[in-house]
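Here's a walk through one protein model, written for someone who likes cut-offs spelled out. Have the viewer open as you read.

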Amino acid sequence: MNIPFLGHRHKKGGHAALRADPESVAALLSECELLRSQAAQAGVRLDDTPASLEALDQMVPRWRDDTEILPWLGNDAGLYLGTVVVRTVPGAAWEIRSDGEPVVRLASGREVEVVPAGQEWAASGAPELSQLYAEIAEA
């Protein structure tokens, strides 16, 4: 998921503009409007905790029949996974790569591409978001 307006900031001032306000970047990436809407309709509360990832894994995937919603929901699922990681795993933080792709950087320096993982989950349900979280949190 390329975030164009973040890319423009990168071109003007490098990653310094993003590092200057990581909380704003985290807030922006945590919005996940489509996923939050779908979850609310299913009675699932997304409170940015690992337990909410388990609840998402249990949702009936009605979105898989809608080819327009599927990619957007996948992006949101990946960003939501990243949001939970950033808020609950010590030392984890968002980073925007030079290509505009948001990734989660762990304290170990490992980079986690959460958006492709969210897209796989939305399309097939595997791997589960809660399982991915557990693997990331262990690292």
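D99 is partly exposed, at 44% relative accessible area (here buried is under 20%, exposed over 50%, and partly exposed in between, with a 1.4 Å probe and protein chains only). The D99 side chain meets that of R97 in a salt bridge, 3.3 Å from N to O; the rule asks for a side-chain nitrogen of Lys or Arg within 4 Å of a carboxyl oxygen of Asp or Glu. Bear in mind that this is a predicted model, where local features need pLDDT of at least 70, side-chain atom pairs count only at pLDDT 80 or more, and totals for chains, interfaces and linings use all residues. Residues are numbered from 1 along each chain as its sequence is written, and side-chain values use heavy atoms, leaving out hydrogens and water.

R97 also forms a salt bridge with E113, where the closest N and O atoms are 2.6 Å apart. That pair links distant parts of the chain: R97 is in the loop between strand 1 (93-96) and strand 2 (102-105), while E113 is in the loop between strand 3 (111-112) and helix 7 (114-124), 16 residues apart. E113 counts as partly exposed, at 41% relative accessibility. Follow the shared partners and you get one network of salt bridges joining E95, R97, D99, R105, E111 and E113. Helices and strands here are DSSP runs numbered from the N terminus (H or I, at least four residues, for helices; E, at least two, for strands).

D48 lies in the loop between helix 4 (33-41) and helix 5 (50-57) and R36 in helix 4, so the pair ties together parts 12 residues apart in sequence. D48 is buried at 13% relative accessible area, whereas R36 is partly exposed at 24%.

## Helix 6 and what it touches

How do helix 6 and helix 8 pack, in angle and axis distance? Helix 6 (residues 69-88) and helix 8 (residues 129-138) pack at about 35°, with axes 11 Å apart; the axes are lines fitted to C-alpha atoms over the stretch in contact, and angles run from 0 to 180 degrees between N-to-C directions. From helix 6, A77, L81, V84, V85 and T88 meet L129, L132, Y133 and I136 of helix 8, contact meaning heavy atoms within 4.5 Å.

T83 is also in helix 6, and T83 is buried at 2% relative accessibility. Beyond its neighbours within four places in sequence, T83 is in contact with L29, S30, D48 and W94. L79, another helix 6 residue, is buried at 5%.

## Whole chain and confidence

The protein has 8 helices and 3 strands, in the order α-α-α-α-α-α-β-β-β-α-α. Of its 139 residues, 41% count as buried. Among contacts between residues at least 6 apart in sequence, 60% join residues at least 24 apart.

Mean pLDDT (the predictor's confidence in each residue, from 0 to 100) is 88, and 86% of residues reach 70 or more. Residues 1-18 stay under 50. Where pLDDT is low, the predicted coordinates should not be read in detail.
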